[in-house]
Amino acid sequence: MRRKSESGAVLPLVAISLAVMMGFAGMTVDVGYLEYQQRQQQSAADAAAIGGAQQLLRSTCPNVGVARPAGQLDAAAAGYTDGTGGTTVNIQNPPPSGPYATSSCAVYAQITAPHRTTFASFFRPGGMQETTEATATIVNNNDGCIYVLDPTARFQLNGTSVNAPKCGINSNASVQVNGGTIDVGSFGYLGSLQSNGVTYKDAQPQKMIQVQDPCPLIASCAAMAASPPAQTSCSVYTENGVANADVKPGCYSSFVLNGGSVHLEPGTYTFTGTVMDNGPPVTGSDVTIYVSATGGPVLFNGSSVTLTPPAGGLLFYQDPSNKSTVQFNGSNMDLSGVMYAPGALGQINGSGGNYLVLVFGNVQLNGGFTVDPGKPVDGQSYLRNIVLAQ
């Protein structure tokens, strides 16, 4: 028989039990919410580090003056604005410590922000502080070597044997491949595909999204775009049969080769008019060719052309507004480096070639051509990528 004095003893226990259960439920909600907020904040830190590193692609390393505002802008776009609501966004280049502290092209991002809670706010009214970190760095491992940028064009490979197993082909244009063997690491296209009697040894053509001009990812190309050579005191050069003629770097309003053989001495050659090679072989090392907005067409039709770029890899740069054809047409095309003419048709007819990065509005390859048998001497690609390192 229950005594009257015990009749109300259960209610306090129920109340206490309910309070404890509600507390645990509240803590569970808070923990889950904080984990969600942490993931959001980590994504913002990643974006800030990547955003800062992206700006370094367009400048020199280190350059915290461009990395910091870019990183903070990307963090703000993700909801974390420096100096607002107790949030701090710290961007440093190079990182202050860790394995990338000596890397001038690495960007460190740290975000510290308060996060409001439900149950835990009774114990910590100011919310919970969360700190997230990320490091992004620039690496030279991009495998792109042929870029066709004009989506209205038709990228043609006619009987071409492309031996480039480490190469990525990226075409905004429709693609037409007639015969030949294509051995590439990847082959992306945006438009349509016509493939007739072709052997694909490795990658098959696959649909892709539109690729952007890679010049900002190539240090030497970006530097030339920012600071092109002077186009003053330009002279006319005509070669009519002299053997082993040496040509000095400089600016030329007309450049015509009619015989003999020509050697380009190391340096930058600026062309503001026609470039015409009507037969003689051309050689040159540590050479960069710059074609102005008025220059071209550039027609190298010699029996052989052997050209190598200086450190940085820029062999050929044509002003993006210039639509004049660029043609290297000979039995032996021994070229290496970056060839950039984003507004023009590039025609490379013949065999040969070393490590090349071709960036044109449109490209025609005719005959056997080895585009990318390997990487430069230092083992690095001319194109840069940004990766999250930490």
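**Figure 1. Accessible surface and overall make-up of the predicted model.** The accessible surface of the chain amounts to about 17,500 Å², and carbon and sulfur atoms account for 54% of this area. Of the 390 residues, 46% count as buried. Three helices and 24 strands are assigned in the chain. Among contacts between residues at least 6 apart in sequence, 43% join residues at least 24 apart.

**Figure 2. Buried and exposed sides of helix 2.** The residues Ala67, Ala70, Gly71 and Ala75 are buried. These four lie on the same side of helix 2, because they cover an arc of only 135 degrees around the axis. An α-helix has 3.6 residues a turn, so residues three or four places apart point the same way. Gly65, Leu73 and Ala77, on the other side of helix 2, are exposed.

**Figure 3. Salt bridge between Glu265 and Lys248.** The closest N and O atoms of this pair are 3.4 Å apart. The two residues are 17 apart and link distant parts of the chain. Glu265 belongs to the loop between strand 13 (262-264) and strand 14 (267-271), whereas Lys248 belongs to the loop between strand 11 (245-247) and strand 12 (250-257). With a relative accessible area of 53%, over the 50% cut-off, Lys248 is exposed. The count of salt bridges comes to one.

Conventions: Residues are numbered from 1 along each chain as its sequence is written. This is a predicted model: local features need pLDDT of at least 70, side-chain atom pairs count only at pLDDT 80 or more; totals for chains, interfaces and linings use all residues. Side-chain values use heavy atoms; hydrogens and water are left out. Buried means under 20% relative accessible area, exposed over 50%, partly exposed in between (1.4 Å probe, protein chains only). The arc is that of the directions from the helix axis to the C-beta atoms. A salt bridge is a side-chain nitrogen of Lys or Arg within 4 Å of a carboxyl oxygen of Asp or Glu. Contact means heavy atoms within 4.5 Å. Accessible areas come from the Shrake-Rupley method with a 1.4 Å probe; for residues, only the protein chains shown count as cover.
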